[in-house]
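Biologist: I would like to learn how to read strand pairing and backbone angles. Can we work through an example?

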Amino acid sequence: QVQLIESGGGLVQAGGSLRLSCAASGRTFESWTMGWFRQAPGKEREFVAAATWAEGNTYYAGAVKGRFTISRDNAKNTVDLQMNSLKAEDTAVYYCNAHPAGLGYEYDVWGQGTQVTVSS
């Protein structure tokens with residue numbers, strides 16, 4: 001069974017930092033893109049960051065570029081999100097995502113989510 005387990009969420013003051021971790025299990029994730037999405041109350045889920053398997057390319061949403069860093073350890077099947085200079089608007093449930101290359105989004109795997117709350 002494929003699983004993504006997130007950890008590292010919590011409460012932090014504006015300007016602070018948090019590091020989220022996602023551990024993937026149940027299969028190898030070669031050629032899968034892994035990343036993070038978030039969903040704030042009353043809003044739709046949105047893309048945050050992603051990292052490809054082979055090239056190690058990284059992608060970021062404009063709102064987090066320069067503040068967040070995604071890193072991936074293919075040997076350990078983990079993907080982390082370092083979040084610095086946090087703002088109140090970063091408050092959301094953060095979800096780990098794994099997307100298989102070449103397949104539709106219906107094949108995506110999602111974690112259960114971890115709450116990040118930034119107090120202003």
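Modeller: Start with the rule for pairing. Two strands pair if DSSP finds at least two bridges between them. Keep in mind that this is a predicted model.

Biologist: Which residue stands opposite tyrosine 95 in strand 9?

Modeller: Phenylalanine 37 stands there. Strand 4, residues 32-39, is joined to strand 9 by eight bridges. The two run antiparallel.

Biologist: How many bridges join strand 9 to strand 11?

Modeller: Three, and these strands run antiparallel too. Strand 11 covers residues 114-119. Within it, valine 116 faces alanine 92.

Biologist: What is the bridge partner of asparagine 97 in strand 10?

Modeller: Tryptophan 110. Strand 10 spans residues 109-110 and has two bridges to strand 9, again antiparallel.

Biologist: Why is strand 9 described as largely enclosed by the rest of the structure?

Modeller: Buried means under 20% relative accessible area. Strand 9 takes in residues 92-100, and eight of these nine are buried, so the rest of the structure largely encloses it.

Biologist: Now the angles. Where is asparagine 77?

Modeller: Look in the loop between strand 7 (68-73) and strand 8 (78-83). Asparagine 77 is not a glycine, yet its phi is positive, about 60°.

Biologist: Is asparagine 77 buried or exposed?

Modeller: Its relative accessibility is 15%, so asparagine 77 counts as buried.

Biologist: What is the phi of serine 85?

Modeller: Positive, about 50°, although serine 85 is not a glycine either. Serine 85 sits in the loop between strand 8 and strand 9. With 40% relative accessibility, serine 85 counts as partly exposed.

Definitions and conventions. Residues numbered from 1 in each chain as written. Predicted model: local features only at pLDDT ≥ 70, side-chain atom pairs only at ≥ 80, totals over all residues. Heavy atoms only, no water. Buried < 20%, exposed > 50% of the residue type's maximum accessible area, 1.4 Å probe, protein only. Helix = DSSP H or I, 4+ residues; strand = E, 2+ residues; numbered from the N terminus.
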